[in-house]
Structures are given as C-alpha cells and as structure tokens.
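I opened this model to look up confidence, cores, a few side chains and the backbone. My entries follow.

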Amino acid sequence: MNRVAISLLVFLTALSGLIPVLALGKNSSDGAHEFYFTRLAYTENGTRGFGRSLGNTYTCPEFGGGSFFPPQGVGWSMDSPGADCKFMGAVHRLTGLNVFPNPNMIEILDDSLFKFPYAYIVEPGGMDLTKNEAAQLREYMLRGGFIHADDFWGLEEKENFEYQMKKVFPEYSFEVLPLSDGVFHTFFDIDEIIQIPGQNAGCYGGPTYERYDDREARIYGLRDDKHRLMLVVTYNSDLGDAWGYTDLPLLPAK
C-alpha cells in the first residue's frame, strides 16, 4: 500500500480539525466505527452518471485483502467496491483505526453526508454539478468536511474540475501543495510525489500518464480563508487502481 495514499486519505482529516465519525450512513451497520470511506455520488454530464446503484449494500468478502476482483462501476463509482474494501483493510492494519469495512456511498444532496467528515470523489473530470449540489458541497466543507478528489488526467479534465469547484467556491483557487506542507508530514513523512498508473499501464506496460498534454503528477489543495485545507486533489494519478489491484504483483507497494 503506498504511503501517499495512507497519509492523504486518513490523516488529512485530523489536519482539517475533524473528529472521529460515530454517526450512521445509509450503508453502515452500527455506530462503533471511527472512520468511513465515504464515496460521493455526483451528477455527471447532466445525468446521474453510470455509477453503481446507491442502494448497494455490498459486503466485502475479505476485509483488507484477498484476490477478489468484483465487477466495478464507472464514473463516480469507478474501482468500487474492490478498492474501497482493500483500502479500508490496509488502513485498519496500518493504523489500528476501527474502520467501517464496506463501501459507504452517499449522494451529495443526502443530508447524512454531514455525519461523515471525509469524502472521496473519483473521476471528477466528468463532473457536472447542479446548483444544489454545489451549494451542499460548499456547506459541507465550510462546516469542516474534507474531500479528496482522485483519478482524472490531462488539461481538459483538470479544467472541468476547476470549473466545477468554482461553482462551489468562486473565491478560492487550487494551489500546488509543496512537499514541505504539513499534510505530507502527519502519519508518514512523504518525500516525493510519484505518479500512480492505472491498472492497464501498471500491469501491462506503457507510459504511466494517460494524457499527452500534461504528463506530470501533482497534488493540489483548496483552502478556506483560515488556511484550513478543505480539498486535496491527486491529479494525473489513479489511487483507486492501486488499492483495487493491490494483490497483483505488477502494481508494487510503492
């Protein structure tokens, strides 16, 4: 399991001043867990997108490991449920946190979102937020919520995601996070930004980037006026594939 992923996805919540989650979501079974991997369902290209059904109550068959590769969704549910299961298992093993072991999928407009201080957005290059979704995300982040956006590539997708976030925060802009930023020195000390390829490139060769117009992996942040980090963006990298296919030897731990 790569160190960037663990540090960014778990311990940014502490950096954002968030508290352990003891509340329930639609897909959670009890209130005893400290951390949920909450995946946001967003509007994509003017529709709900092609994601896995929100009614899914998938139970991970092997918490945190095993060579299971279940069928996955696309769009907002890309790499789920396998990535969610395996990543939470790794977080549990490496940190000792009592994590909710199964996928936790929530629509942006579902008010139960406010019970979960960490949320994950995948493939936001195709995101197309409605006015109400933008307002809900703004309220969520201003109230202390933290979002990690992952798995989008190239200038066109980056431009779209920046445009979508301007709907949420017209007054703020993305900034490149330097390695000296405290976010890289919480649970682990991160001393390099590596490009994490998708499963095809990782296992079958080829370039680690997916778009020729911008090939460099960068990590962006979005801060409020108190300098609190509300959003971290892993651009030109695919953490979801690294989690979902972590059992394959062609995707090494680093």
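Entry 1: I began at Asp151, which counts as buried at 7% relative accessibility. Buried is under 20% relative accessible area, exposed is over 50%, and partly exposed is in between (1.4 Å probe, protein chains only). Asp151 sits in the loop between β4 and α4. Its phi is near 65°, a positive value in a residue other than glycine.

I then went to Asp79, in the loop between β1 and α2. Its phi is also positive, near 75°, and it is not a glycine. At 4% relative accessibility, Asp79 counts as buried. Pro81 lies in the loop between β1 and α2. Ser80 and Pro81 are joined by a cis peptide bond, with omega about 15°. I noted these spots because most residues other than glycine have a negative phi, and most peptide bonds are trans.

Helices (H or I, at least four residues) and strands (E, at least two) are DSSP runs, numbered from the N terminus.

**Entry 2: ground rules and confidence.** This is a predicted model; local features need pLDDT of at least 70, side-chain atom pairs count only at pLDDT 80 or more, and totals for chains, interfaces and linings use all residues. Residues are numbered from 1 along each chain as its sequence is written, and side-chain values use heavy atoms, with hydrogens and water left out.

I checked pLDDT, the predictor's confidence in each residue, from 0 to 100. The protein chain averages 82, and 82% of the residues score at least 70. Over residues 1-29 pLDDT stays under 50, and the model has 98 contacts for them beyond four places in sequence. Contact means heavy atoms within 4.5 Å. Residues 46-50 are also below 50, with 11 contacts beyond near neighbours in sequence. Where pLDDT is low, the predicted coordinates should not be read in detail.

**Entry 3: cores.** Which residues touch the most other members of the largest nonpolar core? I found Met141, Ile147, Phe161, Leu231 and Val233, in a core of 34 residues. A nonpolar core is a set of buried Ala, Val, Leu, Ile, Met, Phe, Trp, Tyr and Cys residues joined through side-chain atoms within 4.5 Å. Elements that each supply at least two residues of this core include α3 (131-142), α4 (154-168) and β7 (229-235). A second, separate core has 23 residues, among them Met78, Val99, Phe146 and Val232.

Leaving aside neighbours within four places in sequence, Val233 is in contact with residues including Ala149, Phe161, Phe174 and Tyr220.

**Entry 4: buried polar side chains.** Thr43 lies in the loop between β1 and α2 (82-95). Thr43 is buried, with a relative accessible area of 9%. Its side chain makes a polar contact with the side chain of Glu133 (2.9 Å). A polar contact is a pair of N or O atoms within 3.5 Å; within protein, one must be able to donate a hydrogen and the other to accept it, and residues adjacent in sequence count only if both atoms are side-chain atoms.

Arg223 is in strand β6. It counts as buried, at 10% relative accessibility. What does its side chain reach? A polar contact of 3.4 Å joins it to the side chain of Glu175. A polar atom of the Arg223 side chain also lies 3.2 Å from the backbone oxygen of His227.

**Entry 5: one proline.** Pro178 is in the loop between β5 (175-176) and α5 (199-204). Pro178 is partly exposed, at 40% relative accessible area. Its C-alpha is 9.5 Å from that of Arg218, 40 residues apart along the chain.
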